[in-house]
Amino acid sequence: MDIDAWVWWLIGAVGLGIPLVLTALPEFGMFAVGAVAAAVTAAVGGGVVAQVLVFVIVSVALIAVVRPIANRHRDQRPQHRSGIEALKGRSAVVLERVDGSGGRIKLAGEIWSARTLDSDTSFEPGQSVDVVDIDGATAVVM
């Protein structure tokens, strides 16, 4: 049984797709696409040299073009903060006098216990404060 060259290239593409799935390295996917392009070249009658050249050119082009774009997008991902991290840096309104020993604020529509970052500072009801940290169930403000 004689197997055509394009079938071997497709087998190679599948073989390159397996490490892509197992390791999540996108370079294997780019090589797999190069193997598919070489399979198409073989199917339309291209010689062995043309098949190898197409494989190399497509694979290198994908790595040279796609990888830098993907790295740029990975680095520019917006940071979504949740939980107490989302509360840090927000403004709150003092409900009961806040000093180094305690007090109450309204933060994100909820009433929180609070204390000042600097124990010598105090804030009176109605003043706006910034949340610097969350210590357990207590907001640290300044």
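Two strands are counted as paired if DSSP finds at least two bridges between them. Helices (H or I, at least four residues) and strands (E, at least two) are DSSP runs, numbered from the N terminus.

1. Basis. The model is predicted: local features need pLDDT of at least 70, side-chain atom pairs count only at pLDDT 80 or more, and totals for chains, interfaces and linings use all residues. Residues are numbered from 1 along each chain as its sequence is written, and side-chain values use heavy atoms, with hydrogens and water left out.

2. Overall layout. The chain has four helices and five strands, in the sequence pattern α-α-α-α-β-β-β-β-β. Its C-alpha trace spans about 85 × 25 × 20 Å along the principal axes. The radius of gyration is 30 Å, whereas a compact globule of 142 residues would have one near 14 Å. This radius is taken over C-alpha atoms, and the globule rule is 2.2 Å times the number of residues to the power 0.38.

3. Helices α2 and α3. The axes of helix α2 (residues 26–43) and α3 come within 8 Å and cross at roughly 145°. Axes are lines fitted to C-alpha atoms, for helices over the stretch in contact, and angles run from 0 to 180 degrees between N-to-C directions. The crossing of α2 and α3 is right-handed; a crossing is right-handed if the near helix is turned clockwise from the far one by less than a right angle, and left-handed if anticlockwise. Residues of α2 in the contact (heavy atoms within 4.5 Å) include Met30, Phe31 and Val33, and those of α3 include Val54, Phe55 and Leu62. The contact residues divide into 14 nonpolar, four polar and two charged. Here Ala, Val, Leu, Ile, Met, Phe, Trp, Tyr, Cys and Pro count as nonpolar, Asp, Glu, Lys and Arg as charged, and the others, Gly among them, as polar.

4. Helices α1 and α3. Helix α1 (residues 5–23) packs against helix α3 (residues 48–75) at an angle of about 25°, with the axes 12 Å apart. That makes α1 roughly parallel to α3 (angles under 35 degrees count as roughly parallel, over 145 as roughly antiparallel, 65 to 115 as roughly perpendicular and the rest as oblique). Their crossing is right-handed. Ala5, Trp9 and Leu16 of α1 make the contact with Gln51, Val52 and Phe55 of α3. These residues comprise five nonpolar, one polar and no charged.

5. Barrel. Five strands close into a barrel in the order β1-β2-β3-β5-β4, with mixed pairing. Neighbouring strands of this sheet are turned by 50° against each other on average, direction ignored.

6. Strands β1 and β2 run antiparallel and are joined by four bridges, with Val94 opposite Ile105 in β2. A hairpin through two residues connects β1 to β2. Strand β2 (residues 102–107) also pairs with strand β3 (residues 110–116), antiparallel and over four bridges. In this pairing Leu107 stands opposite Glu110 in β3.

7. Strand β1 (residues 91–99) pairs with strand β4 (residues 128–135) in the antiparallel sense over three bridges. Ala92 has Val129 of β4 as its bridge partner, and Val93 has Ser128 of β4. Strand β4 runs antiparallel to strand β5 (residues 138–141), joined by four bridges; the partner of Asp133 in β5 is Val140. The hairpin of β4 and β5 has two residues between the strands, and Gly136 takes a positive phi near 70° there.
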